[in-house]
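I have opened my notebook and am ready to look around.

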Amino acid sequence: MNNEAKKVWEEMLVLLETEINILSYDVWIKTLEPLALHDGKLILVAPSEWGKNEANARFMPLIKAALQRVTSLFTSVEIICDSEREKFSSREETYEIVEEPIVTAPEPLSINLKYNFENFVVGKSNQLAVAAARAVAEEPGVRYNPLFIYGGAGLGKTHLMHAIGNSIRSSHPKYKIMFTSSEKFVNELVRYIGRDKDGPSFRDKYRNVDVLMVDDIQFISGKPSTMEEIFHTFNELYDSNKQLVFTSDRPPKGIPDIDERLRTRFEWGFTADIQPPDLETRIAILRKKAQLQKYNISMDVLAFMAECISSNVREMEGLLNKVILFSQLNHAQPSIDLVKEAINDYSAKSEGEINADDIVDATCKCYNVRREDLLGKRKSKDIVEPRQICIYVMTEMLDLPLKAIGDIFGGRDHTTIMYTRDKVAQMLNQPKIVEAINNVKNMVYKK
Ligand code: ADP
Ligand code: MG
């Protein structure tokens with residue numbers, strides 16, 4: 001088995017496990033074996049012809065999406081069955097071969113289907129941004145180019161960006177849509193620069209698209225080579241009337257340390273901000289989110305929740321998920337009391353005496369893993385989950401800046417910590433995850 005293939009596959013499994021129901025995951029996904037990276041493709045072996053067909057028919061889009069999130073070097077996956085193994089094993093590849101530039105059309109798979117216009121609630125706080133986003137989705141590259149959306153954390157910037165992508169994908173199926181974050185962009189660039197100074201394939205990858213969307217562009221601040229690359233990519237796409245969309249937590253003027261030429265370009269098109277939603281909109285958002293989970297929650301309970309959390313929709317959603325979970329565990333309808341209980345669960349934050357070390361220790365105990373592994377770089381599955389949970393609990397219980405948490409975890413970037421936190425937050429509707437988080441917290445208190 002090729003080591004690189006194994007590494008990539010292990011990381012993909014972590015993602016796939018959260019997206020596929022556990023039974024299907026065990027039967028159809030976990031049984032696949034990574035054989036090799038071949039011609040830019042990841043080759044997976046299914047134990048039988050049946051397994052191959054099922055995996056191909058039912059899970060290929062998810063598998064491809066996972067691959068895309070884990071690495072950008074390989075954009076395709078092929079599933080073979082055991083008897084076809086021979087074809088590939090004689091040509092076992094090393095990583096060097098794969099490192100040749102592989103120019104493949106980016107697939108729009110990293111777009112999150114969950115985020116569309118239909119389930120985005122429009123209110124005063126975001127109506128301008130939504131109108132601009134819709135205009136861009138209707139006629140990409142024609143008006144509002146670039147579209148620059150900015151606003152505070154958890155207010156729906158990423159959601160809107162994916163909504164644009166999803167909408168363009170259905171109205172212009174042939175369009176190549178590239179969705180990236182500035183963190184991913186930076187990481188890829190660093191990898192390419194390390195290998196090949198001209199980075200031709202890197203350039204082609206980003207410049208052969210019809211729509212380029214970069215999430216959280218503020219993180220390019222102070223990174224000159226990334227800015228340079230974005231600058232050229234911007235010019236090329238803009239000149240050929242390709243649509244550009246950026247999001248940021250602040251307006252172009254507020255991003256420190258960026259190239260002036262780039263800043264003015266961000267302002268060339270349309271800049272729209274998203275403000276925190278008013279009470280009415282918050283209630284509407286909660287109602288929509290509950291409906292999406294097929295849950296009916298009475299108006300007074302929704303209103304109570306909306307009063308409790310005012311500025312961050314992500315947190316509001318976290319509370320809703322917790323309330324739903326509590327109501328399932330207690331076999332009770334969501335009520336104001338349940339909401340209070342769920343909120344109490346958060347308030348450990350202010351107790352103050354807990355420090356990062358306590359949380360690291362507690363996680364190690366709960367999962368029976370070693371501290372060096374937890375804080376280190378290993379990416380095998382048995383260590384990735386505890387690490388993610390540990391990071392999430394830290395962001396919940398401590399008032400530490402993300403950068404400080406990154407430092408604890410072997411100097412990881414604060415954007416990585418943010419990404420992990422958000423990812424776990426999105427999984428709070430899974431009892432398994434909530435239980436893991438609670439176990440760690442309980443262990444912290446036991447110390
Ligand atoms: P940001 O990128 O601004 O930090 P996200 O786009 O990740 O925020 O949004 C956080 C969560 O809140 C997502 O689950 C998103 O669906 C939800 N959300 C934010 N605003 C709205 C809205 N107006 N309607 C529906 N959901 C929303
Ligand atoms: Mg975001």
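Is Gln-218 buried or exposed? I found that Gln-218 is buried, with a relative accessible area of 7% (buried means under 20%, exposed over 50%, partly exposed in between, with a 1.4 Å probe and protein chains only).

A note on my source: this is a predicted model, where local features need pLDDT of at least 70, side-chain atom pairs count only at pLDDT 80 or more, and totals for chains, interfaces and linings use all residues. Residues are numbered from 1 along each chain as its sequence is written, and side-chain values use heavy atoms, leaving out hydrogens and water.

Next I looked up where Gln-218 sits: in the loop between strand E6 (211-215) and helix H10 (224-239). Helices (H or I, at least four residues) and strands (E, at least two) are DSSP runs, numbered from the N terminus. Leaving aside residues up to four places away in sequence, Gln-218 touches Thr-247, Ser-248, Asp-249, Arg-250 and Ile-255 (contact means heavy atoms within 4.5 Å).

Then I turned to the largest nonpolar core, which has 45 residues. Such a core is a set of buried Ala, Val, Leu, Ile, Met, Phe, Trp, Tyr and Cys residues joined through side-chain atoms within 4.5 Å. Helix H14 (residues 313-329) gives the most to this core, with seven residues. Met-305 is among the residues with the most contacts inside the core. I listed its partners, not counting residues up to four places away in sequence: Met-305 touches Leu-286, Ile-297, Leu-319, Leu-320, Val-323 and Val-339. Apart from this core I noted another, of 35 residues, among them Cys-390 and Val-440.

Technical notes: Chains lettered and ligands numbered in written order.
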